[in-house]
Amino acid sequence: MNKKFRLSKEMTYLLAMITVPLAIALMTKADLGLSMIAAPTYIISEKVSFLTYGQTEYIVQTLVLILMCLFVKKFKPSYLTSFLTAIIYGSILDFFIWCFKDLQVEALWLRLILFAIGIILTALGVALFMNTYLAPCAYDYFVRTVVKEKNLDLRKFKLSFDGVFLIISIALTLILFHKFIGATWGTIIIAVCNGNIISFFNKQMNKHIEFFTRFEKLEKIF
């Protein structure tokens, strides 16, 4: 039996916090569509000139956290960690957007490559988040918390959550721009493929990686 690679859940969180913003930045540069979760903030940031994509992210994620508290009718100090995640996530996203600002990707084949890499990295990042106890971005935290508190079916609630964001994305792009930006045919591809790719990465991680907690007292808080 092959020995599993040991990776702390804290390091797993850091890797996820780099991987997902990198993926979103690459897909933004490809301009072939974003996920239904990432699209609304991108659309808003394109319309509101004084807000960066990352800044819009942590504003929207804060609203999602407030909505989560209303849904579960409670507030826990640990919920604030997801707000901290949103701030860090938005800052890293803006950093990668800045890094790629001069990258020329006019050729369709190059845009397709960036888009494909973005899909893979997004799924990898989400799978990493699934193997850490630290709070993920507000969207995933909303789903996880509401399902737990209300004893709901995870698959059905996640599909409903994604559906709502898809409707919001389409409404925003048509109202603000009267055309499709952010939410395009690529969004449909991501919706169809993402779940299977996330599941693949998660299975491979559980097969080859032993996740352990370095700070057990911190884990108990969550």
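**What the words rest on**

Modeller: Let us begin with Asp31, which has a relative accessible area of 46% and is therefore called partly exposed, the word for values between buried (under 20% relative accessible area) and exposed (over 50%), with a 1.4 Å probe and protein chains only. Asp31 has its place in the loop between H1 and helix H2 (39-47), and its phi is near 55 degrees, a positive value in a residue other than glycine.

Colleague: What should I know about the model itself and its numbering?

Modeller: This is a predicted model, in which local features need pLDDT of at least 70 and side-chain atom pairs count only at pLDDT 80 or more, while totals for chains, interfaces and linings use all residues. Residues are numbered from 1 along each chain as its sequence is written, and side-chain values use heavy atoms, with hydrogens and water left out.

Colleague: Which helices and strands does the protein have, and in what order do they run?

Modeller: The protein has nine helices and two strands, and from the N terminus on its elements run β-α-α-α-α-α-α-α-α-β-α. Helices here are DSSP runs of H or I with at least four residues, and strands are runs of E with at least two, numbered from the N terminus.

Colleague: Why is Thr132 called buried?

Modeller: Thr132 has 6% relative accessibility, and therefore it counts as buried. Thr132 is found in the loop between helix H5 (108-129) and helix H6 (138-150). Not counting residues up to four places away in sequence, Thr132 touches Lys9, Thr12, Tyr13 and Arg144, where contact means heavy atoms within 4.5 Å.

Colleague: What does the side chain of Thr132 reach, and at what distance?

Modeller: The side chain of Thr132 reaches the backbone oxygen of Lys9 at 2.8 Å. A polar contact is a pair of N or O atoms within 3.5 Å; within protein, one must be able to donate a hydrogen and the other to accept it, and residues adjacent in sequence count only if both atoms are side-chain atoms.

Colleague: Is Thr19 buried or exposed?

Modeller: Thr19 has a relative accessible area of 12%, so it is buried. Thr19 lies in helix H1 (residues 9-30), and, leaving aside neighbours within four places in sequence, Thr19 is in contact with Leu121, Leu124, Gly125 and Leu128.

Colleague: Why is Lys158 called partly exposed, and what does its side chain make a polar contact with?

Modeller: Lys158, in helix H7 (residues 154-177), counts as partly exposed because its relative accessibility is 28%. The side chain of Lys158 makes a polar contact with the side chain of Asp162, at 2.8 Å. Beyond residues up to four places away in sequence, Lys158 touches Asp140 and Val143. From Lys158 to Arg144 the separation is 14 residues in sequence and 9.0 Å in space, C-alpha to C-alpha.

Colleague: What makes Leu70 and Ser49 exposed?

Modeller: Leu70 counts as exposed because its relative accessibility is 60%, and Ser49 is exposed because its relative accessible area is 73%. Leu70 is found in helix H3 (residues 53-72), whereas Ser49 has its place in the loop between H2 and H3. C-alpha to C-alpha, Ser49 and Ile66 are 25 Å apart in space and 17 residues apart in sequence, while Leu70 and Val192 are 30 Å apart in space and 122 residues apart in sequence.

Colleague: How do you know that the radius of gyration agrees with a compact globule?

Modeller: With 222 residues, a compact globule would have a radius of gyration near 17 Å, and the protein has 17 Å, so the two agree. The radius is taken over C-alpha atoms, and the globule rule is 2.2 Å times the number of residues to the power 0.38. The C-alpha atoms fill a box of roughly 50 × 45 × 30 Å along the principal axes, and 46% of the 222 residues count as buried.
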